[in-house]
Amino acid sequence: MLSAYAPDVMTRDIADGIPAGLLLALLQLPVTWLAIALYEHTARRHVDPLADRIRKEAELDARRGALR
């Protein structure tokens, strides 16, 4: 969006010939890795135990249904 609507901002040099657009593009990598790490942490802490409990309950229900 910035490159389309604010090209002067994206082509402005930040430090020694490094344009702002390149700097923003390089910052996307660590931000993406951080988002992945936070998602992984949240999933392991909250979602996986819940999924395991649901899976075990479904297995017990299936066994009870098979015995009837």
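This briefing describes surface, helix and loop features of one protein model.

The model is predicted, so that local features need pLDDT of at least 70 and side-chain atom pairs count only at pLDDT 80 or more, whereas totals for chains, interfaces and linings use all residues. Residues are numbered from 1 along each chain as its sequence is written, and side-chain values use heavy atoms, with hydrogens and water left out. Helix α3 spans residues 20-67; helices (H or I, at least four residues) and strands (E, at least two) are DSSP runs, numbered from the N terminus.

**Nonpolar surface patch**

- A nonpolar patch on the surface is formed by L2, I14, I18, L22, L23, L24, L26 and L27, with about 700 Å² of accessible area together.
- Patches are made of residues with over 30% relative accessible area and no salt bridge; like charges are joined within 9 Å, and nonpolar side chains (Val, Leu, Ile, Met, Phe, Trp, Tyr) within 5 Å.
- Accessible areas come from the Shrake-Rupley method with a 1.4 Å probe, and for residues only the protein chains shown count as cover.
- Helix α3 gives the most to this patch, with five residues.
- L23 belongs to helix α3 and is partly exposed, at a relative accessible area of 36%; buried means under 20%, exposed over 50%, and partly exposed in between (1.4 Å probe, protein chains only).

- Side chains of opposite charge can pair when their charged atoms come close.
- The whole structure contains four salt bridges, each defined as a side-chain nitrogen of Lys or Arg within 4 Å of a carboxyl oxygen of Asp or Glu.
- One of them joins the side chains of D52 and R55, at 2.8 Å from N to O.
- D52 and R55 are three residues apart in helix α3, and therefore separated by about one helical turn.
- D52 is partly exposed, with a relative accessible area of 36%, while R55 is exposed, at 51%.
- Another salt bridge links the side chains of E59 and R63, at 2.9 Å from N to O.
- Both E59 and R63 lie in helix α3, four residues apart, about one turn of the helix.
- E59 is partly exposed, with a relative accessible area of 41%, while R63 is exposed, at 51%.
- D61 and R64 also form a salt bridge, with their closest N and O atoms 3.5 Å apart.
- The three-residue spacing of D61 and R64 in helix α3 places them about one helical turn from each other.
- D61 is partly exposed, with a relative accessible area of 48%, and R64 is likewise partly exposed, at 48% relative accessibility.

**Other positions in helix α3**

- R44 is found in helix α3 and counts as exposed, at 57% relative accessibility.
- The side chains of R44 and E40 are joined by a polar contact of 2.6 Å.
- A polar contact is a pair of N or O atoms within 3.5 Å; within protein, one must be able to donate a hydrogen and the other to accept it, and residues adjacent in sequence count only if both atoms are side-chain atoms.
- L67, also in helix α3, counts as exposed, at 76% relative accessibility.
- The C-alpha atoms of L67 and I18 are separated by 70 Å, the two residues being 49 residues apart along the chain.

**Loop between β1 and β2**

- D16 lies in the loop between β1 (13-15) and β2 (18-19).
- Although D16 is not a glycine, its phi is positive, at about 45°.
- D16 is exposed, with a relative accessible area of 85%.
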